[in-house]
Amino acid sequence: MRAEARIRLLVTILDRGRGDRAAELFASYGLPLHYAVPGRGTANSELLDYLGLGETEKDVLLTLAPGYTISALLPEAVERLGLAAPGRGILFTLPMSAVSRTVADYVSPQAHSIGPEREQSMDEQRKDHLIVAVVDGGGTDQVMAAAKEAGARGGTILHGRRVGEGEEKGAESAVHPEKDVIFILTSRGSLPSILEAVDRAAGISTQHRGVLFSLPVEEVRGLPRLG
C-alpha cells in the first residue's frame, strides 16, 4: 500500500485549554477520530523547577489520520497552534502496524489496510522515537530524573490505572495500583542510554514495576532538532 494512504497516529501535546483549537483544526481536515486526555508536562530547566513553573497541565490529543492529509495539515497546525515558538506545544506522527478495516474505512475510504511498510526497516527510516514508560503511581519522579540525566529534554505524564484480569473477582483483587504513563520524545542516538537509565531507576525489577517500550516517530513539529 502506498505510504500516503496509510493511517498514522497524530499525537498533539498542548497547554491545557488549547486542545479544542487543535480538535477544530483536525475536524476541518475531515479527521473524525480524535481523543483528548489530560496530561502533565515536565520542563528540562532547573530555573523553572526552582520557580515552580517546571510542570504545566497539558491537553494530549490522539488522532487517526490518513497519510495523505499530513503534508498539508502539519504546516497549518504549526501556524495556527503557534508551534514555531518554543514551549507552545509538540506535534508528531507515529506509524501504525495495524488497524481494523472498519476503523480504516471510517477514517478514510482510501486508507484500507494495514500492514507494515517493507521498503526499509523502521530503524533505518526513523530518526526520532517515542519512549513510553508505564510505572506504578509515584514512580514518575524517578523516571524523569533518570531520563534527564541520560539526555532527555522532558516528558509528558498521563495518569491512569491498570485494568484486566481480576477486575470482577472481589473488592480486594480488583484494586489495581494507579499507573503513570510517561511519554519521552528522543533521538535514535539517545534512545539506548535513556531506556537503560530509566530501566535501572524504575524498571520492572524495581519497586515502581515499570514497563518500557519505544515507538518510531515519523514527523515532529514544535521541538528544535532532537540531539
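**Chat about a predicted model**

Biologist: What's the relative accessible area of valine 211?

Modeller: In this predicted model, valine 211 comes out at 43%, so it counts as partly exposed.

Biologist: And which strand is valine 211 in?

Modeller: Strand 8, which covers residues 211–217.

Biologist: OK, what sort of surface patch does Val211 belong to?

Modeller: A nonpolar one. Val211 forms that patch with Ile204, Phe213 and Leu215, and together the four have about 320 Å² of accessible area.

Biologist: Switching to threonine 12: buried or exposed?

Modeller: Threonine 12 is buried, because its relative accessible area is 0% and the cut-off for buried is under 20%. Threonine 12 sits in strand 1, residues 7–15.

Biologist: What does threonine 12 touch, leaving out residues up to four places away in sequence?

Modeller: Ala22, Phe26, Asp59, Val60, Leu61, Leu81, Ile90 and Leu91.

Biologist: Now confidence. What's the mean pLDDT of the chain?

Modeller: The mean is 78, with 73% of the residues at 70 or more.

Biologist: Where in the chain is confidence lowest, and where is it highest?

Modeller: Helix 7, residues 171–174, is the lowest, with a mean of 41. Helix 6, residues 140–149, is the highest, at 94.

Notes
Residues numbered from 1 in each chain as written. Predicted model: local features only at pLDDT ≥ 70, side-chain atom pairs only at ≥ 80, totals over all residues. Heavy atoms only, no water. Patch = residues over 30% accessible without salt bridge, like charges linked within 9 Å, V, L, I, M, F, W, Y side chains within 5 Å. Areas by Shrake-Rupley, 256 points an atom, 1.4 Å probe, with all protein chains shown as cover. Salt bridge = Lys/Arg side-chain N within 4 Å of Asp/Glu carboxyl O. Helix = DSSP H or I, 4+ residues; strand = E, 2+ residues; numbered from the N terminus. Buried < 20%, exposed > 50% of the residue type's maximum accessible area, 1.4 Å probe, protein only. Contact = heavy atoms within 4.5 Å. pLDDT = per-residue confidence, 0-100.
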